[in-house]
Amino acid sequence: GAAEVALPLTALLESWVHPGDREKFDQACRELQSPTNAFDCEYCIVLEDGTTRYLHHIAQVTRDAQGNPLKHIGTIHDVSDRRATEDEARQLQAAADAVGTALFATLFVTFIVQVTARFVFDRPLPWTDELAVILYVWVILWAAAFMVPAKEHVVFDLVYNAAGPRTRRGMLLLGSVIIGSLAAYALPGSVDYVRFMAREGT
């Protein structure tokens, strides 16, 4: 078989590997000894002062005809900042999903209360109609903005895909301006509606 490759740096890192990533690191080391001669692993290390860092480690071994290692090249990148950003994004996404779930659950409960009051007790509750409409709109807008990936939105993008990067940025900016303008135009009417509902409630 091919001669094993044991590098001082790899041995040092091995002593720092977080226990949770030990199996993944060992598997990557075995790949380095396999016919692929490649090491590609992202893992966590615990330094002597107790701090943790995340590394993306890539390596490749060149062997001779007998399988003996001739050259080893590779890179190690500290990706701790990227991982922190990804973790923060996951937390924000989880919070957005929780809000969306709460909105939908509130809408469902409102619908049940509405149906029960109207058809079981024959005492319709007008506020449930208004709340259901408001929640329905919020569920749609919240899900579209924060829960459904942009690539899964239904869009007509033949012209957009044919445009260059600068033109695409301009189209995105124009679209945002149009949506913002429509929202600003509708704001006075929305405020009047809220005031009307407040007067109607009295």
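Buried means under 20% relative accessible area, exposed means over 50%, and partly exposed lies in between, using a 1.4 Å probe and protein chains only. Keep that in mind for this talk.

Now the ground rules. This is a predicted model, where local features need pLDDT of at least 70, side-chain atom pairs count only at pLDDT 80 or more, and totals for chains, interfaces and linings use all residues. Residues are numbered from 1 along each chain as its sequence is written, and side-chain values use heavy atoms, with hydrogens and water left out.

Let's start at D21. Where does D21 lie? D21 sits in the loop between helix 1 (8-16) and helix 2 (22-33). Helices here are DSSP runs of H or I with at least four residues, strands are runs of E with at least two, and both are numbered from the N terminus. Is D21 buried or exposed? D21 is buried, because its relative accessible area is 16%. D21 touches Y43 and C44, leaving aside residues up to four places away in sequence. Contact means heavy atoms within 4.5 Å.

D21 also has a charged partner. Side chains of opposite charge can pair when their charged atoms come close. A salt bridge is a side-chain nitrogen of Lys or Arg within 4 Å of a carboxyl oxygen of Asp or Glu. D21 and K24 form one, at 4.0 Å from N to O. K24 is partly exposed, at 41% relative accessibility.

How many salt bridges does a search of the whole structure find? The search finds eight. Let's look at some others.

Next, helix 2. R22 forms a salt bridge with D26, and their closest N and O atoms are 3.9 Å apart. Both residues lie in helix 2, four residues apart, which is about one turn of the helix. R22 counts as partly exposed, at 27%. D26 counts as partly exposed too, at 25%.

Now a pair between strands. The side chains of D78 and R53 meet at 3.0 Å, N to O, in a salt bridge. D78 is in strand 3 (residues 69-78) and R53 is in strand 2 (residues 52-63), so the pair ties together parts that are 25 residues apart in sequence. D78 is partly exposed, with 45% relative accessible area. R53 is partly exposed, with 30%.

There is also a network. Salt bridges link E42, R82, R83 and E86.

On to strand 1, residues 38-46, where we find C41. C41 counts as buried, because its relative accessibility is 4%. What does C41 touch? Not counting residues up to four places away in sequence, C41 touches K24, F25, A28, L55, H56 and H57. The C-alpha atoms of C41 and Y54 are separated by 10 Å, and these residues are 13 apart along the chain.

Last topic: helix packing. Two packed helices are described by the angle between their axes and the distance between the axes. Helix 3 (residues 80-120) and helix 4 (residues 126-147) pack at about 155 degrees, with axes 9 Å apart. Helix 3 and helix 4 are therefore roughly antiparallel to each other. The contact of helix 3 with helix 4 has 15 nonpolar residues, six polar and three charged.

A quick note on those terms. Axes are lines fitted to C-alpha atoms, for helices over the stretch in contact, and angles run from 0 to 180 degrees between N-to-C directions. Under 35 degrees counts as roughly parallel, over 145 as roughly antiparallel, 65 to 115 as roughly perpendicular, and the rest as oblique. Ala, Val, Leu, Ile, Met, Phe, Trp, Tyr, Cys and Pro count as nonpolar, Asp, Glu, Lys and Arg as charged, and the others, Gly among them, as polar.
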